[in-house]
Amino acid sequence: MKRIAVLTSGGDAPGMNAAIRAVVRTGLDKGFEVFGVRHGFAGLIAGSFVPLGARDVGGIMQRGGTILGSARSAEFRTEPGQAKAIRQLKQSGIEGLVVIGGNGSQTGSHALAEAGFPVVGVASTIDNDLCGSEITIGVDTALNIALETIDRLKVTASSHQRAFIVETMGRGSGYLALMAGIAGGAEAVVIPEFEVGPEQVAAEIRRAYDRGKPHAIVVVAEGAKWNAEALAHYVSEHEARLGFALRVTIIGYMQRGGAPTFQDRMLATRFGAAAVEQMAAGNYGVLVGLSRGEIISTPLSEVVGRVKPIDPALFELARVLSK
Ligand code: F6P
């Protein structure tokens, strides 16, 4: 193998650039020529490849986003799209591909691996909902951004004895909301994995005031049935009976745009280097991830289509500590 390529796909995650840098420099160290693919799988189909040298990835580690660009490609989900991508890679003499991304992206990696193309995945998504890694690139930064928001809201909430809903990202997973809720000292956490209704949330807010708290903070996940919009609507309709109003802050994409923390830079750097090592060793069709602090590789067939569970003990911890 002489030429490899790297792409970033799906939602960008702070630390992707550090992973690209590690792929490029480890690849060069092993004697590979390294190419970047612009805009994820869409760029693969279009054959949008750029040669990357050591200097091209200088000064990017501290930047959020991805210098290669990312995309969610509908065409790549089709067999003709995948076949076209493989043709493009082969025409450019590229023999191996590193895919930095989350669930959807690694489903794409798996499809390429099934078609016989050498691919190694790198676990990257702020949602931390990818099997095969206990933590993924971008989670730490996204959580720190959520915590800063919660800390700030607590200050103003306390001044006015107000109740706030803070919505984190997480389309299908409540990991970000739960962890931010625990570390941010929330009065209640609402996530898709555990059913919590609006009356329960209202009861928690009332209990917070009854205990003499100057504020009530409810952290909700974007993907929860009772997300910020739904809860705020419910509370406004029942305001007179419930006895309080809710103010809403949706953190949204702010969580994706931050400069990567030390944790994310290190994780991404280790993952990127390990992905190239797996490639060089001929261990394809795997995802590089972390388990008990060690780098591991898991067959993509055991990663895709699986749901990463949320530890119910952590949900219980959030409840216990909200007193
Ligand atoms: O998967 C990461 C994520 O940020 C989710 O938390 C969120 O629901 C989704 O991406 C938003 O996706 P898009 O960038 O396609 O709007």
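Analyst: Helices here are DSSP runs of H or I with at least four residues, strands are runs of E with at least two, and both are numbered from the N terminus. By that naming, His39 sits in the loop between strand S2 (33-37) and helix H2 (40-46). Bear in mind that this is a predicted model: local features need pLDDT of at least 70, side-chain atom pairs count only at pLDDT 80 or more, and totals for chains, interfaces and linings use all residues. Residues are numbered from 1 along each chain as its sequence is written, and side-chain values use heavy atoms, with hydrogens and water left out.

User: What makes His39 partly exposed?

Analyst: Buried means under 20% relative accessible area, exposed means over 50%, and partly exposed is in between (1.4 Å probe, protein chains only). His39 has 43%, so it lands in the middle class. Its phi is near 60 degrees, a positive value in a residue other than glycine.

User: What ties Lys213 to Glu187?

Analyst: Another salt bridge, with the closest N and O atoms 2.6 Å apart. Lys213 is in the loop between H7 and S8, and Glu187 is in the loop between helix H6 (175-184) and S7, so the bridge ties together parts 26 residues apart in sequence. Lys213 is buried at 17%, and Glu187 is buried at 3%.

User: What makes the His215 and Ser158 pair a polar contact?

Analyst: That label needs a pair of N or O atoms within 3.5 Å; within protein, one must be able to donate a hydrogen and the other to accept it, and residues adjacent in sequence count only if both atoms are side-chain atoms. The side chains of His215 and Ser158 are joined at 3.0 Å, so they qualify. His215 is in the loop between helix H7 (198-210) and strand S8 (216-221). At 10% relative accessibility, His215 counts as buried. Leaving out residues up to four places away in sequence, His215 touches several others (contact means heavy atoms within 4.5 Å), including Lys154, Arg162, Glu187 and Tyr209.

User: How do you know that the buried residues of H8 line one face?

Analyst: The buried residues of helix H8 (residues 228-237) are Ala228, Leu231, Tyr234 and Val235. Looking down the axis of H8, they fall within an arc of 135 degrees (taken from the directions from the helix axis to the C-beta atoms), so they line one face. On the other side of H8, Glu229 and Glu237 are exposed. The cover over the buried residues of H8 includes strand S6 (163-168) and strand S9 (246-250).

Conventions. A salt bridge is a side-chain nitrogen of Lys or Arg within 4 Å of a carboxyl oxygen of Asp or Glu.
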